[in-house]
Amino acid sequence: MNSVLSTSPTDTVVSDDAAVRDLVNRAYVNGAYNALDTVAMAKGFHPEFAIISAGIAKLERYTIAEWIAAIEKRKATPGFSITTAKRQCYLTSVDVTGDVANVKMEVRTDGVKIYTDYLFLLRFADGWKMVSKIYQDHQ
């Protein structure tokens, strides 16, 4: 008897959910915070990714290239310790619809919430990529 792998929508959603969670953990949690792995960031973020925030009169953009450069500069600072960069990141929701995903994260330092991040992802031919982030600063 031949067996056929299921391709039901439920299976696709579960595998997409897992793929999005894995990407966010590798490229965002460990890339941007806990390991400062800018190579993982470059792989997991789309080159046109930007953090979008409200400026005084317009939206402001902080690109992935600027973010990676800032992390590399921080790591090169004399006396830098990875321990001070670590954050507790809690993925509170993942929503996948077709080739679009949204992730909500709570980022904490010493148990105190400092950010609520909303990451937006798109699926490309080579897999999921983070394309933008907006956030609420709780500091």
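Glu-106 and Arg-108 form a salt bridge, with their closest N and O atoms 2.8 Å apart. The model is a predicted one. Side chains of opposite charge can pair when their charged atoms come close. The cut-off used here is 4 Å between a side-chain nitrogen of Lys or Arg and a carboxyl oxygen of Asp or Glu.

How accessible are these two residues? Glu-106 has a relative accessible area of 18%. Buried means under 20%, so Glu-106 counts as buried. Arg-108 has a relative accessible area of 21% and is partly exposed.

Glu-106 has another partner. Its side chain also meets that of Lys-113 in a salt bridge, at 3.8 Å from N to O. Lys-113 is partly exposed, and its relative accessible area is 29%. Glu-106 therefore is a buried residue that pairs with Arg-108 and with Lys-113.

Now move along to Lys-129. Its side chain meets that of Asp-126 in a salt bridge, again with an N to O distance of 3.8 Å. Is Lys-129 buried or exposed? Lys-129 is buried, at 15% relative accessible area. Asp-126 is exposed, at 59%.

How many salt bridges does the structure hold? The count is nine. Among them are the pairs Glu-106 with Arg-108, Lys-113 with Glu-106, and Lys-129 with Asp-126.

Note on methods. Residues are numbered from 1 along each chain as its sequence is written. This is a predicted model: local features need pLDDT of at least 70, side-chain atom pairs count only at pLDDT 80 or more; totals for chains, interfaces and linings use all residues. Side-chain values use heavy atoms; hydrogens and water are left out. Buried means under 20% relative accessible area, exposed over 50%, partly exposed in between (1.4 Å probe, protein chains only).
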